[in-house]
Amino acid sequence: MRVLVTGANGFVGSVLYNKLKEECSLDVVGTVRKNEDPYLSGVLSVGSIDARTDWTEALEGVSVVVHCAAHSHILKSDSEKTISNYNKVNNEGTLNLAVQALKAGVKRFIFLSSIGVNGNKSVRPFSFNDTPSPYDSYSRSKYNAELGLEKISKKSTLEVVVIRPPLVYGKRAPGNFGSLLKLINKKLPLPLGAIHNKRSFIGINNLVDFITICIKHPAASGQTFLVSDDEDVSTTELLHSLIIASGRTPCLIPLNVTFLRFLASILGKSSVIDKLAGDLQIDMKHVKDTLQWKPLLTFNEGICECFSDD
């Protein structure tokens, strides 16, 4: 079986590409937009990803596509240019790849979407069959791609699998988690010692293991999966675990969340506190019932991996 991994130099794509090549004995081809990494060999450069990208060479002999490449989520994402880029890459680029994959004889298309398609906060744990509620331009671009993939699948033999992960953590993780690591590395007292929310996360090794299951498992076809470590923790617990794993003693000041929200509103950072203090939980029942999958690593084991030596 030959598998195409797009975004093979990205955070998720690189770990998946290496695992499939080294541990799963699969024939793997990876793509990047532009290969500027001298240590990354055996991948194809496809240029910009949009409605005009030519995937012919990359798709030759491929049975399964795992589409990890995307225009990444950024906090300030409402500029006209950013919205346009999200649509070009995450929506139009995805559907262009899917159409070409179908013509090339690909059997299964695995799309790495986002839990943001469900929303940015949960009153109860999000489920795979909840009505989608994308909350920003990034999550809307992912949802539009999901809708387009569903239309293609219904009119063809292409098996589509959608995965909506929450925040993915791990060594060298970008985005919000990377920002947390930088904050911790400053070794300053943090006023985040009394946040008692519940959030679902997934470690990079758990996510990659789940994707490998979806490549071959027959029951994955046509499914939308919300996947996590299956352990919900508060922001305070997350920070405490990170600081301990880094080898330092936690210094988290227990400021009241209401006071934090007040300070954030003055500083124009209300959205940051919403992310830090809000709930975002995932119901794993569908994953367990459908694929009988369970995470390789516990939450604490995954956090420790963030600080392990290569």
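Helices (H or I, at least four residues) and strands (E, at least two) are DSSP runs, numbered from the N terminus. The model on display is predicted: local features need pLDDT of at least 70, side-chain atom pairs count only at pLDDT 80 or more, and totals for chains, interfaces and linings use all residues. Residues are numbered from 1 along each chain as its sequence is written, and side-chain values use heavy atoms, with hydrogens and water left out.

**The whole chain**

Begin by selecting the protein chain, which has eleven helices and nine strands. Its radius of gyration, taken over C-alpha atoms, is 20 Å, close to the 19 Å given for 310 residues by the globule rule (2.2 Å times the number of residues to the power 0.38), so the chain is as compact as a globular protein of that length. Along the principal axes, the C-alpha atoms fill a box of roughly 55 × 40 × 40 Å.

Next, colour the chain by burial: 49% of the 310 residues are buried (under 20% relative accessible area with a 1.4 Å probe, protein chains only; exposed means over 50%, partly exposed in between).

Select arginine 172, in the loop between strand E7 (167–169) and helix H5 (175–185). Phi of arginine 172 is near 65°, a positive value in a residue other than glycine. Arginine 172 is exposed, its relative accessible area being 62%.

Move on to glutamine 292, located in the loop that joins helix H10 (285–291) to helix H11 (299–305). Glutamine 292, also not a glycine, has a positive phi, near 55°. With a relative accessible area of 58%, glutamine 292 is exposed.
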